Amino acid sequence: MTEIRDLDGTATLQAYRDRSLSPREVVADALARIDRYGPDLDAFVLVDRDGAMEAAAASEARWAKGEPRGPLDGVTFTIKDNIAWAGRPMRRGSLTTSDAPAAENAPIVDRLLEAGAIPLAKTTMPEFGWKGLGDSTHTGATRNPWDTRTTTGGSSAGAAAAAALNLGLLHIGTDGAGSIRIPAAFCGVYGLKPSFGRVPAFPPSPFGPVAHLGPMTRAVRDSALMMQAIARPDPRDMAASLAEPPDYAAGLEDGVRGLRVAWSPRLGFAASVDPEVARLTEAAARAFADLGAIVEEADPGFADPVDILNGIWLVGAWCVLRGIPEERRGLVEPALREAAERGRAIAAPDFVAALNARGALFTTMARFHRTYDLLLTPSLAIPSFAVGNLTPPDGGYGDDWLNWTPFSYPFNLTGQPAASVPCGLTGSGLPVGLQIVGPMGADARVLAASRAFEAARPWPLLAEPRVMHRD
């Protein structure tokens, strides 16, 4: 008999329909495993056990009547701690914030609740989401379930750890420079950064021009289900798309046959890629040819845009620090304070120049996609590394985490949809991700390509954390 922990959202919903499983059983199972593994992973800020069981009972009653509230009735989800969940704190991984409850839900939470989904918990993140790791002064270090001595990556750290063990089926992540795709790659789960504005955001992020919200799941089709709900318009976000979302499930099984796909192993500028990552991602890219795509090695033709990112992102960091009373700024992580001070020094004309350079980068990619339907790259330059480090301690990446994430932040600048799909394990058993990038607005194409690869190359499901001891 299949364990509840091994079911994806589609299978869970079918089990509700045929009465072989109930929402209360699913929620109770998830909560039991959260209790068992949560303390070792540090993946959760809070868990709403009573609220989840109450919602499960209500969902079960609706299914018994054959009247589910919506397409996700009884499906469990978690919420990253920089997303507002009414009545609960939003600590953002920082000691400078308070336990004051949020006054209203963020649009992404409202959409999931309207679809009948059941919130379980809030997940951990680094302070204000400033880095690609999972440790914070507020909650400590979130650990990778594949090897608890290593990092989940971040900033959607707890979401990735929870997804890897199916501690909830759907997980809300955010991505300002890779924060969905980094932990998805490190933790062997699927993560999609949708097209900018496709998923409404409120309150606005201080990193707004590059900030996205999106799904993190074990199965691609669960991300498609989630996108169907969360990609609907909302009047609170002036940058959000006003169009209703397409039916992401309708073409999910269409595959990639006939598509022209570019494989770029270094994006033309990445200085160093781990040999195992390079080998696994190239094999994954070549697999698209077996699926009927035309695969060619090609770089998009832009230089490293890290200076453009910093010209925008560091100003956002200063906006964060400026909003904290001076007497509490000493509680902020020193490296974040330093980044914010660098942002403070950026002049307004230089900020506008960075925005304009972002536009030029978008144009470059738009032209590239006249030739290529999709772009494939490694998700990251490296597999996960020892927890407690900003960069691999012996990897030659210096002291800036952006040095090992060269494939992620360019597509925050362009706003294109980009996903990380698991494509193999290193010799030490750590996951590696392949990044699939589509033209602006082609989220459904990225999902279909991800699903085609998942179906052809299924990845192993993790039943319980490995190692389970702390150094």
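**Rings, helices and a buried stretch**

Both Phe207 and Trp313 are buried. That is our way into this structure, which is a predicted model. The rings of Phe207 and Trp313 form an aromatic pair. Their centres are 4.9 Å apart, and 10 degrees separate the planes. The pair is stacked.

Phe207 sits in the loop between β9 (190–193) and β10 (212–217). Trp313 belongs to helix α9, residues 306–322.

How many aromatic pairs does the structure hold? There are 8. Take Phe186 and Trp404 next. Their ring centres lie 5.6 Å apart and their planes meet at 20 degrees, so this pair is stacked. Planes under 30 degrees apart count as stacked. Phe186 lies in helix α6 (residues 181–187), while Trp404 is in the loop between β13 (374–378) and α12 (410–414). These parts are 218 residues apart in sequence, so the pair ties them together. Phe186 is buried, and Trp404 is buried too. Ring pairs also bring in Phe385: together, Phe186, Phe385 and Trp404 make a cluster.

Another ring has a charged partner. Arg358 lies over the face of Phe196. The distance to the ring centre is 5.7 Å.

Helix α4 covers residues 107–114, and helix α7 covers residues 220–230. Their axes are 8 Å apart, at an angle of about 105 degrees. Angles from 65 to 115 degrees count as roughly perpendicular. The helices α4 and α7 are therefore roughly perpendicular to each other. Which residues of α4 and α7 meet? From α4 come Ile108, Arg111 and Leu112. From α7 come Met226, Ala229 and Ile230. By class, this contact has 5 nonpolar residues, 1 charged residue and no polar ones. Spacing along a helix matters here. An α-helix has 3.6 residues a turn, so residues three or four places apart point the same way.

Finish with helix α5, residues 157–164. Is α5 mostly covered or mostly open? Mostly covered: 8 of its 8 residues are buried. Among them are Ala157, Gly158 and Ala159. What do the buried residues of α5 pack against? Their partners include strands β1 (44–47), β3 (118–123) and β8 (170–175). Helix α6 and strand β10 are also among them. After α5 comes Asn166, whose phi is positive, near 55 degrees.

Terms used: Residues numbered from 1 in each chain as written. Predicted model: local features only at pLDDT ≥ 70, side-chain atom pairs only at ≥ 80, totals over all residues. Heavy atoms only, no water. Phe/Tyr/Trp six-rings, centres within 6.5 Å; stacked < 30°, edge-to-face > 60°. Helix = DSSP H or I, 4+ residues; strand = E, 2+ residues; numbered from the N terminus. Buried < 20%, exposed > 50% of the residue type's maximum accessible area, 1.4 Å probe, protein only. Lys NZ or Arg CZ within 6 Å of the ring centre and 35° of its normal. Axes fitted to C-alpha atoms, helices over the stretch in contact; angles between N-to-C directions. Parallel < 35°, antiparallel > 145°, perpendicular 65-115°, else oblique. Contact = heavy atoms within 4.5 Å. Nonpolar A, V, L, I, M, F, W, Y, C, P; charged D, E, K, R; others polar.
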